[in-house]
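Please look over the sequence and the model shown below before reading on.

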Amino acid sequence: MSNISRRKFLKGSGATAGAMAIASILPMPVMAKYDIGRSDGKILTAGRMGVLLAEVKDGKLVSTTNALPQTVVNHLQSTGPSQVHTKARIKHPMVRKGYLANPENPQGIRGKDEYVRVSWEQAYQLAHEQHLRIREQYGAEAIFAGSYGWHSSGVLHDARTLLQRYMELAGGYSGSLGDYSTGAAQIIMPHVVGSIEVYEQQTTYPVVLEHSEVVVLWGMNPINTLEIAWTAADGQGLEFFHQLKKSGKTVIAIDPIRSETIDFFGDNAQWIAPHPMTDVALGMGIAHTLVKNNKHDTAFIEKYTHGFDKFKDYLLGVSDDVVKDAAWAAKICGVSVKQIELLADIFSNNRTMLMAGWGMQRQQYGEQPHWMITTLAAMLGQIGLPGGGFGFSYHYSNGGNPARDAGILPSISSTIGSVSDTNGSSWLSKNKGVVNAFPVARITEALENPGQQYQHNGQTLTFPDIKMVWWCGGGNFTHHQDTNRLVRAWQNLELSVVSEIYWTAAAKHADIVFPITTSFERNDLTMVGDYSSQYLAPMKQVIAPQAEAKSDFEVFADLSEKLFAGGSEVYREGRDEMEWLNHFYKIAQASGRNVRVPMPNFSHFWKQNQEFEMTWNEKNAQFVRFADFRENPVLNALGTPSGKIEIYSETIASYNLPDCPAHPTWMEPTEYTGNAKADELQLMTAHSAYRLHSQFNYADIRKEYAIANKEPILIHEQDAQKHGINSGDIVRVFNQRGQVLAGAQVTSGIKPGSVCIHEGAWPDFDPQLGICRNGGPNVLTLDIPASRLSNGCAANSSLVKIEKWTGNALETQAFEPPLGA
Ligand SMILES: Nc1nc2c(c(=O)[nH]1)N[C@H]1C(S)=C(S)[C@@H](COP(=O)(O)OP(=O)(O)OC[C@H]3O[C@@H](n4cnc5c(=O)[nH]c(N)nc54)[C@H](O)[C@@H]3O)O[C@H]1N2
Ligand SMILES: Nc1nc2c(c(=O)[nH]1)N[C@H]1C(S)=C(S)[C@@H](COP(=O)(O)OP(=O)(O)OC[C@H]3O[C@@H](n4cnc5c(=O)[nH]c(N)nc54)[C@H](O)[C@@H]3O)O[C@H]1N2
Ligand SMILES: [Mo]
């Protein structure tokens, strides 16, 4: 299973190392343009999953398919019809019965109440009055509009920003810091290399294809995660992995799960399966082997890194009497000594790119894995060389697709009178209207501890006293850990408002619910490719708004009118939807002109019903991350205190945090296989191939993966046998935090001792038993911060028990509207 044999590696050690056959793909083939014209009557639109062609018949969206040629299937592109036409949609403005009865002293329990249909005007008036009452009584800090989530892409209909724009106009709000995705890595990496790394252009895909000899996929599943992008997926990442597979290069995948990516590579990759949460130990075993064999690059370490000696003392056991050699590591991570030594050998004898995903930093002590991998890359001495070093965004938003010369779209801003100049991830920006902000995954902790101080990245911050929450464009009851604890904390609020398309668990726990359009029911624009800006695409409306749904833009413009006469005009800056798109496009056109990319005028572009392709830039195609630093570490010093790669950080040492020491450190997690009781299994919650988080859980595509109409749980054959479980069985998965019913999928493709329920399954509590009938994994996860350095989401840190369910099947009701709707 996870044995690696020398035979499998094209290049083993030292003397036998010869030149690799290189698939000479440079530049990446520029994909032929879709040029069938649109005589088929299809409408070009786009979403996170790419550029799409939509087909409408008799007032119904009947298909969405990829508009750009592609070799690897993207499961998500066909979900359009389900997104628009589903019984899970919210049709009308709705108010929770017990809230409507007495908004200032609400009755009933959120999550258990029924709903009452109201008119738009009634809903607006109620939300407006109660919002202003709370604002007046407690101040702007009491209103949380952090509203994290993967709402639809598009530069105008940007749900969270539109909410924050309204809240800024109303006088400010409490917001959030960071994101769930890379909470730990984005805080640790600036201390290590002076930049966040997780959202940056990587050494390009063409350079990797030309120069890397060994590519390591460390805890990453790009065949899934590249199905989407923050803007719209350009598809080049999937194409790259297709080319990598064909290239014959040595590919090593380190993952407790035989992921879709590992299946995709088949015999062209080696699978190594450590226990989850033990990669730091594995990395140390490799690092120790390098030192033992004198294979670490001392010249590189001397010239480009800071504090290696302290780390080396730790590695060799000088500082704590524990030698972190391969034997020590093997015991912890469950990878054999031989394999660990072989990895050290292969890495040091070849041009090796250590690519890593993010699941392993969404864990307790999640700062450590990426710090350790960076340290390992530094010891190998290949950082800044073509095809060597490390890269933490090859699996996300096509991070290795070279930047084009492009006209770049701005996007709507939370501040009236300005536009945001970045179209990429805006998670890190702190908006003007924000009066307090806390790390995004600390929401339950904040609700439980108003006014309490806590540590964050060396600062002492204070939680606001939140009385009102407005969620717009996120699935917080699905994305947050320990759902039952969240549900309890939610009862403390005076008001919970949700702007949603569907009756999600969040909507079913709200007091006021606004029905929102899908992206297929409005017009927008998007860049295609977060880093590449490969295209600019229209996101055309293909169908009329369903039932009474309105866009977030309309909703907040209308609510602004209630703030003061003329408020709508101010909110909209006098522009309607198409006028905004025209405005954004003109700015893109001007920026295109600066780099000699002539773009057609807006009306022509819009009529064309086609994406606009930007210009290939050969110099960008050759981009090598950290090459300038390698060339001149003084002139191009990193943004760390030493200007070098910090293997030891005095800054972090000065914070004195027990859960984040000053160099990469192995710390035993609270809940992991290493301390599991005989009947406990480690729960992994990887991202699904069939969803974007919770989105599309209700869609037709569900039939392709659901088991007994429940979320599957992957369980190893040995563990299944031990617990008397067969494929297709309904199982109860539980711990002290909660319980869910899932459908067993017995497999050899997961490390024994671990199970996986993919994140994003909607919570769906049986009112009598309190058991989640759909298999939502966050009902089981531990809600702790990665550490007090980052306070990052640590979802992958939980132990569970499992048994065959012999009770009533408890039909999944997750996608049914609540009573009264
Ligand atoms: N256990 C576990 N939990 C996790 C993770 C994990 O790995 N394991 N991963 C975490 C990560 S990385 C992330 S990013 C989060 C994701 O968490 P979210 O981003 O919150 O998840 P989504 O399901 O994408 O939620 C988006 C919601 O926005 C709604 N929506 C879409 N378009 C619009 C719109 O135009 N307007 C409005 N108002 N609403 C709209 C959708 O219907 C959907 O309910 O989950 C985190 N949670
Ligand atoms: N189809 C699809 N694509 C997506 C998303 C989606 O929901 N669906 N979500 C998007 C978002 S917001 C994000 S943040 C990214 C998420 O990107 P990632 O965070 O990288 O995705 P995950 O699936 O959580 O984890 C990637 C791999 O890491 C493995 N893994 C988990 N724990 C460990 C560990 O301890 N050690 C090792 N070695 N491996 C481990 C998992 O088995 C999985 O195969 O994906 C994005 N792309
Ligand atoms: Mo994410």
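Is R691 buried or exposed? In this predicted model, R691 has a relative accessible area of 3% and is therefore buried, the cut-off for that class being under 20%.

## The surroundings of R691

R691 sits in the loop that runs between β26 (681–684) and β27 (712–716). Leaving out residues up to four places away in sequence, the residues that R691 touches are L76, F696, N697, Y705, E711, H758, E759, G760 and A761.

Two polar links of the R691 side chain can be named. With the side chain of Y705 it forms a polar contact of 3.1 Å, and the R691 side chain also reaches the backbone oxygen of E759, at 2.9 Å. A further relation spans much of the sequence: R691 and H75 are separated by 616 residues along the chain, yet their C-alpha atoms lie 8.4 Å apart in space.

T517 belongs to the loop between β21 (512–515) and β22 (524–528). Its relative accessibility is 2%, and T517 therefore counts as buried, again by the cut-off of under 20%.

Once neighbours within four places in sequence are set aside, the contacts of T517 are with R89, I501, R522, P545, A549, K550 and S551.

## Domains and the contact of domain 1 with domain 2

The domain assignment divides the chain into domain 1 (6–21 + 202–402 + 623–655), domain 2 (31–84), domain 3 (94–180 + 407–599) and domain 4 (673–804). For domain 1 and domain 2, the C-alpha centres are 37 Å apart, and the contact involves 14 residues from domain 1 and 13 residues from domain 2.

Between domain 1 and domain 2 an area of about 1100 Å² is buried, with carbon and sulfur atoms giving 56% of it. On the side of domain 1, the residues that lose the most area to domain 2 are E227, L238 and E239, which together make up 40% of what that side buries.

What does the rule find across the interface of domain 1 and domain 2 in the way of salt bridges, and how many residue pairs are in polar contact? The rule finds zero salt bridges there, whereas six residue pairs, both residues at pLDDT 80 or more, are in polar contact. Helix α8 (residues 236–247) contributes the most to the side of domain 1 that touches domain 2, namely four residues. By class, the residues of that side of domain 1 comprise eight nonpolar, three polar and three charged.

Note on methods
Residues are numbered from 1 along each chain as its sequence is written. Chains are lettered from A and ligands numbered from 1 in the order in which they are written. This is a predicted model: local features need pLDDT of at least 70, side-chain atom pairs count only at pLDDT 80 or more; totals for chains, interfaces and linings use all residues. Side-chain values use heavy atoms; hydrogens and water are left out. Domain bounds come from an automatic or database domain assignment. Contact means heavy atoms within 4.5 Å. Buried area is the accessible area (1.4 Å probe) that two parts lose on being put together, summed over both. A salt bridge is a side-chain nitrogen of Lys or Arg within 4 Å of a carboxyl oxygen of Asp or Glu. A polar contact is a pair of N or O atoms within 3.5 Å; within protein, one must be able to donate a hydrogen and the other to accept it, and residues adjacent in sequence count only if both atoms are side-chain atoms. Helices (H or I, at least four residues) and strands (E, at least two) are DSSP runs, numbered from the N terminus. Ala, Val, Leu, Ile, Met, Phe, Trp, Tyr, Cys and Pro count as nonpolar, Asp, Glu, Lys and Arg as charged, and the others, Gly among them, as polar. Buried means under 20% relative accessible area, exposed over 50%, partly exposed in between (1.4 Å probe, protein chains only).
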